[in-house]
Amino acid sequence: MKLWGGRFTKPTNRLVEEYNASITFDQELAEEDIQGSIAHVTMLGACGVLSQSEADQIIEGLEKILQKIRAGEIEFSIENEDIHMNIEKLLIEEIGPVGGKLHTGRSRNDQVAVDMHLYVRKQTVEMVRLLTQLQRVLIEQAEQHVDTILPGYTHLQRAQPVRFAHHLLAYVSMFERDIERLIDSYKRVNTCPLGAGAIAGTTFPTDRHMVAKHLGFDRIYDNSMDAVSDRDYLVEFLSICSLIMVHLSRLSEELILWTSEEFNYIVLDDAFCTGSSMMPQKKNPDIPELIRGKTGRVFGHLIGLLTTLKALPLTYNKDLQEDKEGVFDTVKTLTGALSIMAPMLQTMKVNKEQMKKNAESGFSNATDLADYLVNKGLSFREAHEVVGKLVLYCIEQDKYLAGCTLDEFQRFSKLIEQDVYDKIACEQVVEARISLGGTAKNQVLKTLSEKKKKMDETLSWLSIVY
Ligand code: ARG
């Protein structure tokens, strides 16, 4: 017998039953569903909608069911469609007909909404925690590599040398923005839809603020129709997760490039690589490749949900049941990627010599030579032209700028003197960029300490958040 079977004269077609059911995936929400039900029933008892003893019996029954679910003793059934009706059925079996009072003044529409809010709230916090953990590893590596110099690239061509710390700190900044986004989205996630009923509210004298407070929500939805049909917080969550994946994927791409023999900048620990079934010499960066590869499914879930929502009339439509699997899969994908990226970065070995060698071979000091000429009185555009011709000359002569004799330099500009060699030396080039956020050592050290401070702020947010 279905919980909603009263107006039906026939059993549900078996195919319909399977097609319609969400229990195979929404059992993920069991804990949140019970948490929400306990808050609801507590309020019904307090407001006199149920007697205190009825409320107590229901709460006790729900707690027993929660224990059984945690112990793996419950088998959910497709006949009971979703997690909400499965639990209600179990409750009635557990405590008898009084269990049928749980759903007073509530609909599955506001129930599923509250479950998802609780779930995403929990995952938002977890994601911030994992991102902070990753930032910590990046910061530790950066601290080790303040004096490690490698070429910085534009167009994947050597551009200007940078400190490896500076390069790693760029990712710390990206993840810092991700954390800011998650923390900002938290206030929208932490809004309680329960009490909206199916669409229009309820006739019982309920107290929505009491429920919200019980569940740790900061506020309630102020419109019952919005409460049951809003999925903006899920779109927001998926879009933040998509950006996190973009950052992880870009980092992965660099790790993949850097481990290749062509770069030879880093060595990933054996514990984080895999081999080839045929080529005995291979050690492959499968993990960063997988992270890069899994970015696609996360983007897909975002676009999938946006597409589901587009043109849905108010309020609840069964289409909305499609909001869950993508979110669950996104959480699984992100938690996996973030958890594995941290120890992989922590254990990587950095080949400083190779980085330095590449920074010194090439023309990544060409801008500095131009700036040198500007300081001697040329306009930047004229200086650019002179150095461009010099670079061309060097390419023909198969040498780099620092390999030119003073005589060769002076053939291109009489302004070049002996002090030029200091100015175009790799360390000096890095150290000369003293502008805020540049590569000079004191700038990098300043950023490092700012990032650590920001990380502490995140940790204190994590310690007070629900
Ligand atoms: N399983 C449903 C979902 O995930 C729960 C809400 C069902 N509401 C309804 N009116 N059929 O969306």
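Strands β1 and β2 form a hairpin with two residues between them. In the turn, His155 has a positive phi of about 55 degrees. The model is predicted. The points below cover this hairpin, a loop serine and the cysteines.

**Hairpin**
- Strand β1 spans residues 149–154, and strand β2 spans residues 157–163.
- The two strands pair in the antiparallel sense, over six bridges.
- Tyr153 stands opposite Arg158 in β2.
- In a regular strand the side chains alternate between the two faces of the sheet.

**Ser361**
- Ser361 sits in the loop between α13 (352–360) and α14 (366–375).
- Its relative accessible area is 16%, so Ser361 is buried.
- The side chain of Ser361 reaches the backbone oxygen of Lys357 at 2.6 Å.
- Leaving out residues up to four places away in sequence, Ser361 touches Arg158 and Tyr400.

**Cysteines**
- A disulfide is a covalent bond between the sulfur atoms of two cysteines.
- With a cut-off of 2.5 Å between sulfur atoms, the count comes to zero disulfides.
- Cys47 is in no disulfide; the nearest cysteine sulfur, that of Cys192, is 13 Å away.
- Cys47 counts as partly exposed because its relative accessibility is 25%.
- For Cys404, the closest cysteine sulfur is that of Cys394, at 3.5 Å. That is too far for a bond, because the sulfurs would have to be within 2.5 Å.
- Cys404 has 2% relative accessibility and therefore counts as buried.

Methods:
Residues numbered from 1 in each chain as written. Predicted model: local features only at pLDDT ≥ 70, side-chain atom pairs only at ≥ 80, totals over all residues. Heavy atoms only, no water. Buried < 20%, exposed > 50% of the residue type's maximum accessible area, 1.4 Å probe, protein only. Pairing = 2+ DSSP bridges. Helix = DSSP H or I, 4+ residues; strand = E, 2+ residues; numbered from the N terminus. Polar contact = N/O pair within 3.5 Å; in protein donor to acceptor, adjacent residues only side chain to side chain. Contact = heavy atoms within 4.5 Å.
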